[in-house]
Amino acid sequence: MSAASDPVLQELLDKAEISDVITRYALGIDRHDFDLAASCYATDAQADFYGVVSKGVDAIVKGLRLLEQLDNTMHFLGNQMIDLHGDTAGVETYATAYYRAVMPDRQIDMIKGLRYLDGMARKDGRWVVQSQVVVEHWSRNDPVLPLSTPPAGRKPGPKPPVWPKDAGLDYLIDRAAIRDLLARYYSTSDHRDYDGMAATYTPDAEVWYREDLCVGIEAIRKKVSLLDNAITSTHFMGNHLVDIQGDTAASETYVIEYIRAGPVGEETDLVSGLRYLDQMVRRDGKWLTSARTVTSDWGRRDPVTPAPT
Amino acid sequence: MTDSSRVRALADRAAIQDVVARYFTGLDRQDFDRVASCFTSDVVAEYRGRVLEGVDALVDITRGVRRYAVTTHFMGNYLVEVRGDTATAETYATDHLRIMQSGEEADMSHGLRYYDELVRKDGQWLISRRAMTSEWSRVDPVAPGPGG
């Protein structure tokens, strides 16, 4: 631990590191990188998945490996509350789990509203999960209507960064600025503010939107403005990890994309589980995206029954 | 900016995000004191075009969650801007509400955006103005799984 002299700063550093541990855990199980998942636990950790208790990290990981039977999983993280007490912390994290099961004749998405209750401990200077309870709040099984252009399949992301030993105030500020950059990109795109959107990129940025390469800001703007064809769009941001090295950064972000399209009365939601693999640079003190690969892990076409108002 | 003011700026940002998160978890736990604790007493809110004045009127509306078997208010993107003792925040959320429709279970969900103005009062950030819009909604039947 790099003990900060300012207790407020130390608390912010602890909370950020704890949050990253939970994100690395989700990334680990989604990638079937069980060494990464295991590294998030104390060796004598205890986990309770829907009432099934496992003791010790090996037993826990054995349970997690059941996820390998599924075609695709995305553990999408949302609301998080961290209660810090010195070298221990209680963390509550909302997650929506998307499990794609492919059967010979059909596909199903099992969608679960989960809550992770994690007891964290600082051990040998780093935060790990000591006890974990996973509670299911709701679940639903949706038959999948595939997209007309199916996702190309999962692309691996970069090796997730470990929490830097020397993380301090500058690191936290950069981490927050990069998150803001991403949130601004999605918000401006969803608001059809294409000038605002373009301002999040370097002029010479290169972006792979699924299978299409756009080089330069004008090509990017043309591509993103296809959103004009949608009735509404939401790019919903979840898990985020960033590796910052001086004036460059590499980041991975989970996004659920909801595109509503079609004639009135026959609307369809195109729902996709995306990951944004980004390179950012700092120019004149501002972070900008210089290269991006948008990969679609899963997608579905949902005819809309609107909610009663 | 001095280091200590940069730390304070980060701490404010985190505290503001915590207020918004506290609101959502308050709703999902049906803990309406927790919901009320996120707002100034004279908060003015607009929920899908309906104007609510004062914290009591706002909390009354949120009691509507009691009609659902389960609710989840799931937070995503947030953008916070702090100016001294005031701040603005934009938050994305989706809600998942378990309903009964013609005797069958179904999930109603909405794509929501919250635009908040916050003030610091006695060292605590509170929401003083809010506009919530629903971008989309849908209802999905809750089908049995592969194993029934």
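Predicted model: local features only at pLDDT ≥ 70, side-chain atom pairs only at ≥ 80, totals over all residues.
## Chain B overall

Chain B contains three helices and six strands. Read from the N terminus, its elements follow the order α-α-β-β-α-β-β-β-β. The C-alpha trace of chain B spans about 60 × 35 × 25 Å along its principal axes.

Of the 148 residues in chain B, 34% are buried. Among the contacts in chain B between residues at least 6 apart in sequence, 53% join residues at least 24 apart.

## A hairpin in chain B

Strand β1 (residues 39-47) and strand β2 (residues 50-53) of chain B run antiparallel and are joined by four bridges. One of the bridge pairs links B:Glu46 to B:Val51 in β2(B).

The two strands, β1(B) and β2(B), form a hairpin with two residues between them. In the turn, B:Arg48 has a positive phi of about 50°.

## The contact between chains A and B

The contact takes 44 residues from chain A and 40 residues from chain B. On the side of chain A that touches chain B, the elements giving two or more residues include the helices α1 (7-31) and α4 (169-190). Strands of chain A also give two or more residues each, among them β3 (72-85), β4 (88-102), β5 (107-123), β6 (126-143), β9 (232-245) and β10 (248-261).

The largest share of this side of chain A comes from α4(A), with nine residues. By residue class, the side of chain A that touches chain B divides into 23 nonpolar, twelve polar and nine charged residues.

## Helix α4(A) against helix α1(B)

Two packed helices are described by the angle between their axes and the distance between the axes. For α4(A) and helix α1 (residues 3-29) of chain B, the angle is about 40° and the axes are 11 Å apart. The crossing of α4(A) past α1(B) is left-handed.

From α4(A), the contact is made by A:Leu169, A:Leu172, A:Ile173 and A:Ala176. From α1(B), B:Asp3, B:Arg6, B:Val7, B:Leu10 and B:Arg13 take part. The residues of this contact of α4(A) with α1(B) divide into six nonpolar, no polar and three charged.

## The six-stranded sheet of chain A

Strands of a sheet pair through backbone hydrogen bonds, either parallel or antiparallel. In chain A, an open sheet of six strands has the order β8-β7-β12-β11-β10-β9, with mixed pairing. Strands β8 (212-215) and β9 of chain A stand at the edges with a single partner strand each, so one side of each is left without a neighbour in the sheet. On average, neighbouring strands of this sheet are turned by 15° against each other, direction ignored.

Within chain A, strand β11 (residues 268-283) and strand β12 (residues 286-303) pair in the antiparallel sense over 16 bridges. One of the bridge pairs is formed by A:Arg283 and A:Lys286, the latter in β12(A).

## Helices on the sheet

Helix α4(A) lies across β9, β10, β11 and β12 of chain A, and runs at about 160° to β9(A). Helix α6 (residues 217-224) of chain A packs on the sheet and touches β7 (201-209) and β8 of chain A. The direction of α6(A) makes about 50° with that of β7(A).

Conventions:
Residues numbered from 1 in each chain as written. Chains lettered and ligands numbered in written order. Buried ≥ 20, exposed ≤ 12 C-beta atoms within 10 Å, placed from the backbone. Contact = placed C-beta atoms within 7 Å. Nonpolar A, V, L, I, M, F, W, Y, C, P; charged D, E, K, R; others polar. Axes fitted to C-alpha atoms, helices over the stretch in contact; angles between N-to-C directions. Left-handed = near helix turned anticlockwise from the far one by under 90°. Pairing = 2+ DSSP bridges.
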